[in-house]
Amino acid sequence: MPPVQEHPVYSEKVSCGHSGFASPAQGYEQKQLDLNQHLITNPPATYFFMVTGNSMNRARVFDETMVIVDTSKTPRSSDIVVAAVDGEWMVKRLYKWGGMVKLLPDSDDPTYKPILFSEGQELRVFGVVTYVIAKPL
């Protein structure tokens, strides 16, 4: 588990609508923020992965995005998961219906195809993506 990194949390909210500048005196620090407390619910079961590729861009998971994965969560249909297919690691959207299981891209790019499983293929869902950490576009 990473060491606690506390950062200031300001009492004022930041608007991304209309600009209305508050008094600088209203923005004083109230408490410290530890992102581990807000982003990690089960530290021993939490992992960080750096993503490559853009097959999940509609889910806002882009190339060079970091994802936080919780291995203690039970994956459900439509969850974004980190999985190994025949030993190859990937981030995809899980689809389960009846006895059918697929891993789906979440992209408008038609070159990314669903992964359908056939006899003998191995799927291991490692964990559920709980947060996406990305630089602003």
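This is a predicted model: local features need pLDDT of at least 70, side-chain atom pairs count only at pLDDT 80 or more; totals for chains, interfaces and linings use all residues.
View 1. Residues are numbered from 1 along each chain as its sequence is written, and side-chain values use heavy atoms, with hydrogens and water left out.

**View 2. Arginine 58 meets aspartate 106 in a salt bridge.** A salt bridge is a side-chain nitrogen of Lys or Arg within 4 Å of a carboxyl oxygen of Asp or Glu. In this pair, the closest N and O atoms are 2.9 Å apart. The two residues sit 48 residues apart, arginine 58 in the loop between strands E3 (46-50) and E4 (66-70), and aspartate 106 in the loop between strands E7 (100-104) and E8 (115-116). Strands are DSSP runs of at least two residues, numbered from the N terminus. Arginine 58 is partly exposed, at 47% relative accessibility.

**View 3. Arginine 58 also forms a salt bridge with aspartate 108.** Their closest N and O atoms are 2.9 Å apart. Aspartate 108 is exposed, at 62% relative accessibility.

**View 4. Arginine 93 and aspartate 106 join side chains in a salt bridge.** The N to O distance is 2.8 Å. Arginine 93 lies in strand E6 (residues 88-97), so this pair ties together parts that are 13 residues apart in sequence. Arginine 93 is partly exposed, at 23%. Through shared partners, salt bridges join Arg58, Arg93, Asp106 and Asp108 into one network.

Terms used: Helices (H or I, at least four residues) and strands (E, at least two) are DSSP runs, numbered from the N terminus. Buried means under 20% relative accessible area, exposed over 50%, partly exposed in between (1.4 Å probe, protein chains only).
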